[in-house]
Amino acid sequence: MIKNYLKVAWRNLTKNKTFSLLNIIGLSVAFGAAILLSMTAFFELSYDKFHENIDTVYQIYHTEQTPKGAVVSTSHPEPLAMTLKEEIPGIHNITRHLEDNALVIREETELNLDGVWVDKSFFSIFSLPVLEGDKNPIQEKSSVALTLKASKRVFGDQEALGKTLNILVNGEEKSFRVSSILKNIPENSSLDFDIAIDFENHGSYNQINGKWDNRNHNVYVRLDKNVVPKSFENNTVAYTKQYFNEEIENAIRDGAVKDENGNYKQLKLLPFKDVSFASFGKGVAKVDKTLTYLIFGVALLILIIACVNFTNMSIAKSTQRLKEFGMRKTLGAPKKQLFLQLWIESLLIFLASVGTGLLLSVLFLDSFKTIFNTNISFQDFSSLQIVLGFMAMVLIITFISGGYPALLMTRIGTIQALKGKLNMERKPVLRNALITVQFGISILLISGTLVLWKQLDYMRSKDLGYNKEYVISFPLNGKKNSYEAVQLLRNELKGNPNILNISASDNTLGRGKDGSAYTSILGFDYKGRGAKTNMLVVDHDYIETLDLELINGRGFDRKFAADSLSLVINETMAKSLNEEDPLAINIMMDDSVNYKVIGVLKDYHFEKLNRSIAPITLFMNKDWDIYYAYVKVAPKNISASFDLVQNAYARVEPNAEFLGSFLNENIDRTFRRERELTTMITSGSCIAIVLSCIGLFAMSLLVVTQRTKEIGIRKVIGANIASITYLLIRDFLKLVIVGFLIASPLAWWLSKSWLEDYAYRTNLSIWIFLVSGAIALFIALVTISTKTLNAALQNPTKSLRTE
């Protein structure tokens with residue numbers, strides 16, 4: 001029986017090659033795209049899930065009430081971790097974690113490695129397998145652990161275990177022994193490093209040891225299995241009041257309001273499995289998986305459009321086989337057999353489409369990984385659970401999309417089927433609804449794409465308040481003292497007309513080529529109330545190099561020796577201090593040194609555009625180090641100027657790696673996720689439009705075929721080509737318009753919600769949605785007209801000769 005079903009199904013599929021091919025193409029593209037997108041989403045959701053104890057591991061953060069509302073920070077003072085371990089019940093283990101570059105020196109080789117300074121307990125909290133050496137890494141203060149990849153970089157093909165290397169700590173080389181070789185950190189890990197070093201070896205340790213007013217590292221905790229986060233947070237209330245009493249009193253003095261739990265400062269826990277999705281704005285830790293679910297959503301919408309096409313075409317084609325079904329029913333065929341016959345035909349198409357879709361996903365995997373900057377692979381998704389889930393999904397889709405048309409045909413009465421036509425009194429409501437849905441989805445994706453590109457272009461073209469096109473930034477990652485290196489760089493490039501200015505600071509703008517992006521916040525008292533500012537240590541000519549605009553006072557000048565105790569602040573900082581004359585401001589910092597404001601800068605965007613401009617203060621104190629050089633070049637021959645800077649730095653630091661990039665490249669890196677999202681939505685929109693067009697083309701082909709004789713009669717009685725074409729396409733265009741009216745408000749709401757995350761954003765214009773509708777309408781019109789015009793131009797005698 002099954003063999004007979006397969007034979008009849010194959011015969012019908014090969015008899016209707018056009019529709020079979022259109023179905024297979026549409027479903028294959030949809031399955032291929034959905035597989036790649038779903039793999040990306042699963043990969044994102046798998047972040048940090050490989051840790052054995054992931055369900056009991058948390059990141060500690062704290063919320064602090066201020067007069068302007070709650071603020072959140074993940075940085076903690078040095079004594080916090082150990083005192084928590086001693087005083088708070090339910091802690092299985094705790095570790096401090098500080099990320100910083102480590103300059104590793106081996107013979108004549110200098111390498112900047114991504115380093116983490118952690119406690120010994122770090123490797124008992126996180127599952128980072130040891131390939132060779134001590135199973136519990138860095139048990140000794142003078143030992144380090146290298147990843148396999150890093151050991152190859154440092155030692156080449158030599159055995160690394162037990163060997164020594166030097167690390168630059170506070171300008172001095174210190175010797176360490178490689179005690180462990182770790183398996184390379186998985187791609188889906190929030191923790192990413194090359195070398196692990198004991199926390200107490202960090203250059204800042206002596207300055208922060210035992211101090212509660214200096215925060216510079218993260219703290220991770222593993223709780224006992226029977227301890228819940230809420231219990232931990234409640235247990236730390238008294239602890240917080242004891243150790244942060246001065247900060248709490250200052251908050252009360254400044255007019256802060258208690259939180260909902262009646263606290264001014266609260267330690268809280270963020271599940272480590274959510275760390276890669278978390279942001280700490282607006283006083284709360286917000287876990288946002290919108291991007292990941294959006295990827296799933298795009299995959300689902302593409303599948304829906306393809307299945308809508310298949311369902312519509314299956315119903316339409318089945319109506320041409322009504323006499324066959326009527327004859328079978330007359331000869332005694334039960335509904336079950338008719339259903340199985342039609343469903344098996346659908347199953348064959350789906351199986352062919354799934355196979356082709358898998359092939360397409362394999363062929364385009366490398367291109368997909370490059371475009372979307374992901375490291376997905378089929379090996380990560382070869383588990384039995386995922387494979388069975390995928391098979392179940394295919395069967396469900398096949399049963400619904402193929403089963404519904406089959407069920408509809410089996411319910412038609414025998415006499416009606418023998419007549420060869422359906423009851424035409426009712427309009428094809430389902431078909432129209434499905435076409436409306438698929439074009440509504442297409443318009444939704446087009447609108448989203450236009451909004452995303454508009455915001456992306458806004459961020460790229462917005463005036464950030466500094467020169468980003470002609471300034472090169474790079475880390476000072478060599479052995480020399482950073483101020484000395486900058487001065488040597490000035491000497492090397494002196495007199496070159498293409499080099500306009502050279503300076504440095506302790507941070508870079510945007511995200512540097514070395515992956516760094518951080519800010520430092522300084523708190524102090526000013527006239528009896530607390531104040532905070534982002535702090536930036538700079539060298540001479542920083543303002544001139546970046547073309548920052550001074551609106552009051554002056555910048556740092558070599559003529560004034562006292563500038564080491566001077567400050568340059570931005571407008572927001574000046575407003576926060578609430579002084580009529582900013583140049584009269586004198587601030588006593590924590591080091592009991594009085595600093596005087598000498599200049600006020602026009603506000604500029606030193607952080608991402610999703611944040612409002614915050615207070616920032618520029619220092620020029622050479623007791624504090626600088627880490628990044630800036631070189632302003634002339635607008636002409638910028639490529640040659642870049643090479644010139646690179647060669648000059650090679651002479652200053654011959655063993656250091658040059659990681660230079662223009663500031664506009666740094667800025668682009670800060671919205672990499674937005675760019676990937678935009679590219680993904682754009683690709684999804686294109687696929688959705690193509691699939692919608694395939695469906696419309698097939699439906700228009702069927703309509704024209706069914707109305708061939710009507711077209712001939714209309715032409716004979718005088719109808720012109722335009723009126724016939726309009727007659728054939730008007731119903732389809734109405735559906736596109738209805739889809740636009742439904743999708744546009746939804747697209748507006750989603751776009752508005754997404755843009756609210758940006759403090760600086762583009763305007764939502766009605767033209768975006770009108771253009772989206774016009775694009776969809778135009779594409780539909782071109783698609784439908786391909787066949788309808790051909791039918792309208794046909795000789796009527798040919799149409800009327802036979803049925």
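Predicted model: local features only at pLDDT ≥ 70, side-chain atom pairs only at ≥ 80, totals over all residues.
Figure 1. Buried residues account for 50% of the 803 residues. If you like to start from the fold, the secondary structure comes to 26 helices and 25 strands. Contacts reach across the sequence too: taking those between residues at least 6 apart, 80% join residues at least 24 apart.

**Figure 2. A patch of negative charge on the surface.** Here you can find Glu99, Asp114, Glu187 and Asp192 gathered in a patch of negative charge. To place one of them, look for Glu187 in the loop between strand 9 (172-182) and strand 10 (195-198).

**Figure 3. The salt bridge between Arg215 and Glu247.** Side chains of opposite charge can pair when their charged atoms come close. In this view, the closest N and O atoms of Arg215 and Glu247 are 2.4 Å apart. The pair links distant parts of the chain, with Arg215 in strand 11 (residues 215-223) and Glu247 in helix 9 (residues 245-253), 32 residues apart. Arg215 counts as partly exposed because its relative accessibility is 27%. Glu247, with a relative accessible area of 23%, is partly exposed.

**Figure 4. Glu492 and Arg651 meet in a salt bridge.** Their side chains come to 2.7 Å, N to O. This pair also links distant parts of the chain: Glu492 belongs to helix 17 (residues 482-493) and Arg651 to helix 20 (residues 638-652), 159 residues apart. Glu492 is partly exposed, at a relative accessible area of 35%, and Arg651 counts as partly exposed at 47% relative accessibility.

**Figure 5. Asp547 forms a salt bridge with Lys632.** The closest N and O atoms of the two residues lie 2.8 Å apart. Distant parts of the chain are linked by this pair: Asp547 sits in the loop between helix 18 (542-546) and strand 19 (550-553), while Lys632 is in strand 24 (residues 628-633), 85 residues apart. Asp547 is partly exposed, with a relative accessible area of 37%, whereas Lys632 is buried, with a relative accessible area of 14%.

Figure 6. For the model as a whole, the count comes to 21 salt bridges.

Key: Residues numbered from 1 in each chain as written. Heavy atoms only, no water. Patch = residues over 30% accessible without salt bridge, like charges linked within 9 Å, V, L, I, M, F, W, Y side chains within 5 Å. Areas by Shrake-Rupley, 256 points an atom, 1.4 Å probe, with all protein chains shown as cover. Salt bridge = Lys/Arg side-chain N within 4 Å of Asp/Glu carboxyl O. Lys, Arg positive; Asp, Glu negative; His and termini not counted. Charge placed at Lys NZ, Arg CZ, Asp CG, Glu CD. Helix = DSSP H or I, 4+ residues; strand = E, 2+ residues; numbered from the N terminus. Buried < 20%, exposed > 50% of the residue type's maximum accessible area, 1.4 Å probe, protein only. Contact = heavy atoms within 4.5 Å.
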